[in-house]
Amino acid sequence: MNYLSAENLTKSYGDRTLFKNLTFGVNRGDKVAIVGANGSGKTTLLSILAGAMPPDSGVVSQRKDITIGYLDQQPDFNDALTVMEAVLAGESAQLDAVRAYEHALATEDHAGLEQAMVDMEKLEAWDYESQIRQMLGELGIQDVMQPVSSLSGGQRKRVALARVLIQNPDLLILDEPTNHLDLEAIEYLENHLNTNNGTLLMVSHDRYFLDRVCNQIAEMDNGQLYTYKGNYAYFLEKKDERETAAASELTKDRNTFRRELEWMRRQPKARGTKAQYRIDAFDELKEKTSGKRNDGELDLNLRMSRLGSKILEVENLSKRFGDKVLLDHFTYTFKRPDRVGLIGKNGMGKTTLMNMLTGQIRPDSGKITTGGTVKFGYYTQTELNLPENQRVIDVVQDVAEVMKLASGDTITATQLLSRFLFDRSKQYDYVAKLSGGEKRRLQLLLALVQNPNFLILDEPTNDLDITTLNVLEDFLLNFSGCVLIVTHDRYFMDRLVEHVFVMEGAGKVRDYPGNYTDYREWRDSQPKNTSQNDKPAPTAIKNQTPAPVVSSEIVNGNTNGSKKKLSFKEIREYETLEKEIEKLEQRKAEVVDLMNIGGHHEELIAWAREIEQIDQSIAEKSDRWLELAEYM
């Protein structure tokens, strides 16, 4: 069953054509990912397919009896709403029922409330609010009553993702859904999409995510869309076959073109005119063989400054914001060539630690000693604040007009930009005209242009295409300096890091020997009834020496690292809470049954309010029960 189809789509910006006469379709059950180079038109195509942008020509058809959910890269919200209100503002039958129920309850509309309760029961929407809370929590948003205006750009993206997921549409269209998610949130989303039988169309550069979620890959390449049935690994295999065949065909076409060119240049002898069909075929062949194609690859062959024996020493580093402890007596000595991954949930302090290491934030206490030869290259998570009316070439020349390569040769800013896939015309474009990926590529250039020997990369994979990521990975594998990486791209981290700093909360940082997948497998293998914070450091993997936990452990004020013991009163409270929660759930079921049977308007309103109070009590008691359960 066809859900969405596009015929002969064309879209241009000025004299640049992104795609022409493109035809594409999505059927029920498809999980399609669109991949391709930055600036190839993936986001534009997605916007056109979702109905958010018109094409220059062509037609997009959507099946009329299906619902479509669309996640934009820059979601739009009413800043006056709370997070919960923003999610409830989505579109679905269940959300309509919840809004009607809340309105009838607030206005004491007895007739409306009775109908709303019937709809709630029919659509199984009674637990919708708790589902929203759970989903937001999994995506890293805990305070559902905070105003949208207080959220960062990444938090807005997560709220928008929850809003579109809770609608459970027939067709889900997602533009870079894993950007701004931490690793656990990505794995939650991955599991959610894998267990959902809906249809998916998305743009993503996360290779693990693509391989585990999608059953079809569509590649945007030189204005054409090439579709492959299968996951990302299958796509790579078939793409290589296609490019090999295309290269062979191009060689044949060019040989034929040379012969035909000779024929065209010869003056006609026996006839006054040349055969028109052959002339037409020549023109077609000329266009085919001379068509511009950007097969360039990012070249990161830049020089690294000399790095001495003393690099970076961190001693008893502590930092808190208000009551929240981010670091507590963190100690570590960086050695050459350290390759460290920094992981932890959003808000744990990863970016704060990197800002302290580079001197942008002062610690509350502790000491950071930087070696005299250390030269940081800091690639930040946020886009550089560049003037939109400044040309790309001017941005680079403001930093350096001539750069040194690893070979010792020097190149100009123009030559360097070419190595970073900015052709001559693009170099003189204004910053405002660059795509998101092109801006990130320019930001990477500016981080590397001063030949650093200690790279700190905060989410370097956001908005970079897969080809660029592969080149960046190869560069970092051969980089002889130190590297500290924060990324949600599990493949990128697995390939590059040799150990990880795990920010576990309450100021604790664990140094685990191995990459992210190694750590995750170890963590998942631990007994579920024992707090992870109380585990000894794991046995070394891959013949590495196990590193200790590098900050002191604080558990509810207990600084010696021992596990807290519950008092007799707390044990009794734990047992009592379990029984109280069970009674509340039984009472809720009784009230729901009463509402289903029906009653007077006043009774219905009273029962509805009682359910709200019961839900609130269950939530409060469950939180306390979980807190005590950590130490049982």
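## A tour of cavities and helix contacts

Begin by selecting helix H7 (183–195) and strand S7 (199–203), each of which supplies at least two residues of the lining of the largest cavity. Helices (H or I, at least four residues) and strands (E, at least two) are DSSP runs, numbered from the N terminus. The model is a predicted one, in which local features need pLDDT of at least 70 and side-chain atom pairs count only at pLDDT 80 or more, whereas totals for chains, interfaces and linings use all residues. Residues are numbered from 1 along each chain as its sequence is written, and side-chain values use heavy atoms, with hydrogens and water left out.

**The cavities**

Now select the rest of that lining: Lys31, Leu165, Asn168, Pro169, Leu172, His192, Leu193, Asn196, Gly198, Thr199 and Leu200 together line the largest cavity, which holds about 100 Å³ of space. A cavity here is a set of points, on a 1 Å grid over the protein atoms alone, where a 1.4 Å probe fits but cannot get out, and lining residues have an atom within 4 Å of a point. Grid points are joined across faces, edges and corners, and a volume is the space filled by probe spheres set on the points. By class, this lining has 5 nonpolar, 5 polar and 1 charged residues; Ala, Val, Leu, Ile, Met, Phe, Trp, Tyr, Cys and Pro count as nonpolar, Asp, Glu, Lys and Arg as charged, and the others, Gly among them, as polar.

Move to helix H5 (residues 128–138) and helix H6 (residues 153–166), whose axes come within 10 Å and cross at roughly 140°. That angle makes H5 oblique to H6, since angles under 35 degrees count as roughly parallel, over 145 as roughly antiparallel, 65 to 115 as roughly perpendicular and the rest as oblique. Axes are lines fitted to C-alpha atoms, for helices over the stretch in contact, and angles run from 0 to 180 degrees between N-to-C directions. To see the contact (heavy atoms within 4.5 Å), select Tyr128, Gln131, Ile132, Met135 and Leu136 in H5, which meet Val159, Ala162, Leu165 and Ile166 in H6. The residues of this contact divide into 8 nonpolar, 1 polar and no charged.

Next, select helix H3 (residues 93–107) and helix H4 (residues 110–122), which pack at an angle of about 150° with their axes 9 Å apart. H3 and H4 are therefore roughly antiparallel to each other. Ala97, Val98, Ala100, Tyr101, Ala104 and Leu105 in H3 meet Gly112, Leu113, Ala116, Met117, Asp119 and Met120 in H4, and by class this contact has 10 nonpolar, 1 polar and 1 charged residues.

**Two backbone details**

Select Arg336 and Pro337, which a cis peptide bond joins, with omega about -5°; Pro337 has its place in the loop between strand S11 (324–334) and strand S12 (339–343). Finish at Asn8, found in strand S1 (residues 2–13), which has a positive phi of about 55° although it is not a glycine.

Terms used: 1 Å grid on protein atoms, 1.4 Å probe; cavity = no way out; pocket = protein on both sides within 12 Å on 5 of 7 lines; lining within 4 Å.
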